[in-house]
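Try each task yourself before you read its solution.

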Amino acid sequence: MVAYRIDRRSGVATYVQIVQQTKQALRLGLLEPGDKLPTAREVVEATAINPNTVLKAYRELEREGLVEARRGLGTFVRRTLGAAPADSPLREELDAWALSARTAGLDREDVAALFGSVLDAHFPKGDQ
């Protein structure tokens, strides 16, 4: 099951953070078709956010065809995204790179900017 982390200082709407984190879990293979998402009550208890925010995020995921709500049962994953499992050798390489970046004195924002520029060079925005 996915555990949501809400960053209230990020400037990103809370429901968007839930959508993004769910999509990341789908891309990494942490969530698979048939898996149940936490109930709105469970998310509220873990994050202290409004239940309507959770429901809004789940509706957005449902609109995108990623999950489906089953009355009285919960919200379940319908399909996955991407093909980058959490145990991929690429993840291990990226982990080693991030450790090297940190050792070199880069902070999170530096790493994000550097990684973003490399992504932009290899994956132009129009090439999706």
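Helices are DSSP runs of H or I with at least four residues, and they are numbered from the N terminus. Keep in mind that this is a predicted model.

**Exercise 1.** Find the helix that holds valine 118, and decide whether this residue is buried, partly exposed or exposed.

*Solution.* Start with the position: valine 118 lies in helix H5. Next, take its relative accessible area, which is 40%. Buried means under 20% and exposed means over 50%, with partly exposed in between. Valine 118 is therefore partly exposed.

**Exercise 2.** Work out which helix gives the most residues to the nonpolar surface patch.

*Solution.* First list the members: Leu94, Trp97, Leu114, Phe115, Val118, Leu119 and Phe123. Together they have about 600 Å² of accessible area. Then look at the helices: H4 (89–103) and H5 (108–122) each supply at least two residues of the patch. H5 gives the most, with 4 residues.

**Exercise 3.** Describe how helix H1 packs against helix H3.

*Solution.* Begin with the geometry: H1 (residues 14–27) and H3 (residues 51–63) pack at an angle of about 45°, and their axes are 8 Å apart. That angle makes H1 oblique to H3. Finally, the crossing of H1 past H3 is right-handed.

**Exercise 4.** Locate tyrosine 15 and say how far it is from threonine 53, in sequence and in space.

*Solution.* Tyrosine 15 belongs to helix H1. In sequence, tyrosine 15 and threonine 53 are 38 residues apart, while their C-alpha atoms are 5.4 Å apart in space. Tyrosine 15 has a relative accessible area of 24%, so this residue is partly exposed.

Methods: Residues numbered from 1 in each chain as written. Predicted model: local features only at pLDDT ≥ 70, side-chain atom pairs only at ≥ 80, totals over all residues. Heavy atoms only, no water. Patch = residues over 30% accessible without salt bridge, like charges linked within 9 Å, V, L, I, M, F, W, Y side chains within 5 Å. Areas by Shrake-Rupley, 256 points an atom, 1.4 Å probe, with all protein chains shown as cover. Salt bridge = Lys/Arg side-chain N within 4 Å of Asp/Glu carboxyl O. Buried < 20%, exposed > 50% of the residue type's maximum accessible area, 1.4 Å probe, protein only. Axes fitted to C-alpha atoms, helices over the stretch in contact; angles between N-to-C directions. Parallel < 35°, antiparallel > 145°, perpendicular 65-115°, else oblique. Left-handed = near helix turned anticlockwise from the far one by under 90°.
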